[in-house]
Amino acid sequence: MAHISAKTKSTFIEFFRFGLVGLSATIVHFLSALTLSRVFDIDPVWASLLGATCSAFISYFGHGRISFERIMQHRIMIPRFLLASIGAYGVCYIAAIAGAWWGGMPDYIVYLVSIISIALYNFVVFKNWVYVVTEGSAVAPIGQSDADC
């Protein structure tokens, strides 16, 4: 039986937690938009944007605290999160164009490819930049003091 390194196991656990937080944020987006649209008669476009805003809070705090287990350093992490989110829109756009316009894929495949592309992009960028612990950044993993970094 093959031995799995501690780093590989740790990354797998982070990816699993990342998926759970992402699923939670997606559910919040959907339910918020649906409620705003159906109960408060808000236009679906605006309801979706407000739902996305609600899910962004779940995503930011959830990925920081649960997926990557960081003590949040907001003045560093919020600008990084916002820039990474802009990058995710770019990934979504490129994936959609590649699938729909160049690949002629059915819409549901385009959506799936876009969603998977965004998830992979976000995991890599969040893990290696948004929530990264660097020397002098005063950001420590949960359970570690800043002096231990």
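Contact here means heavy atoms within 4.5 Å. The model is predicted, so to speak of local features takes pLDDT of at least 70, side-chain atom pairs count only at pLDDT 80 or more, and totals for chains, interfaces and linings use all residues. Residues are numbered from 1 along each chain as its sequence is written, and side-chain values use heavy atoms, leaving out hydrogens and water.

**Exercise 1.** Find Ser59 and describe its surroundings.

*Solution.* Start with the helix: Ser59 sits in H2, residues 44-67; helices are DSSP runs (H or I) of at least four residues, numbered from the N terminus. Next, look at its cover: Ser59 has a relative accessible area of 14%, so it is buried (under 20%; exposed is over 50%, partly exposed in between, with a 1.4 Å probe and protein chains only). Finally, set aside neighbours within four places in sequence: the contacts of Ser59 are Val21, Ala25, Gly64, Phe81, Phe126 and Tyr131.

**Exercise 2.** Work out which helix gives the nonpolar patch its largest share.

*Solution.* First list the members: Phe15, Tyr108, Tyr111, Leu112, Ile115, Ile116 and Leu120 form a nonpolar surface patch of about 750 Å². Then turn to helix H4 (residues 107-130), which supplies six residues, the largest share. Leu120 belongs to H4, and its relative accessibility of 46% makes Leu120 partly exposed.

Conventions:
Patches are made of residues with over 30% relative accessible area and no salt bridge: like charges are joined within 9 Å, nonpolar side chains (Val, Leu, Ile, Met, Phe, Trp, Tyr) within 5 Å. Accessible areas come from the Shrake-Rupley method with a 1.4 Å probe; for residues, only the protein chains shown count as cover. A salt bridge is a side-chain nitrogen of Lys or Arg within 4 Å of a carboxyl oxygen of Asp or Glu. Helices (H or I, at least four residues) and strands (E, at least two) are DSSP runs, numbered from the N terminus.
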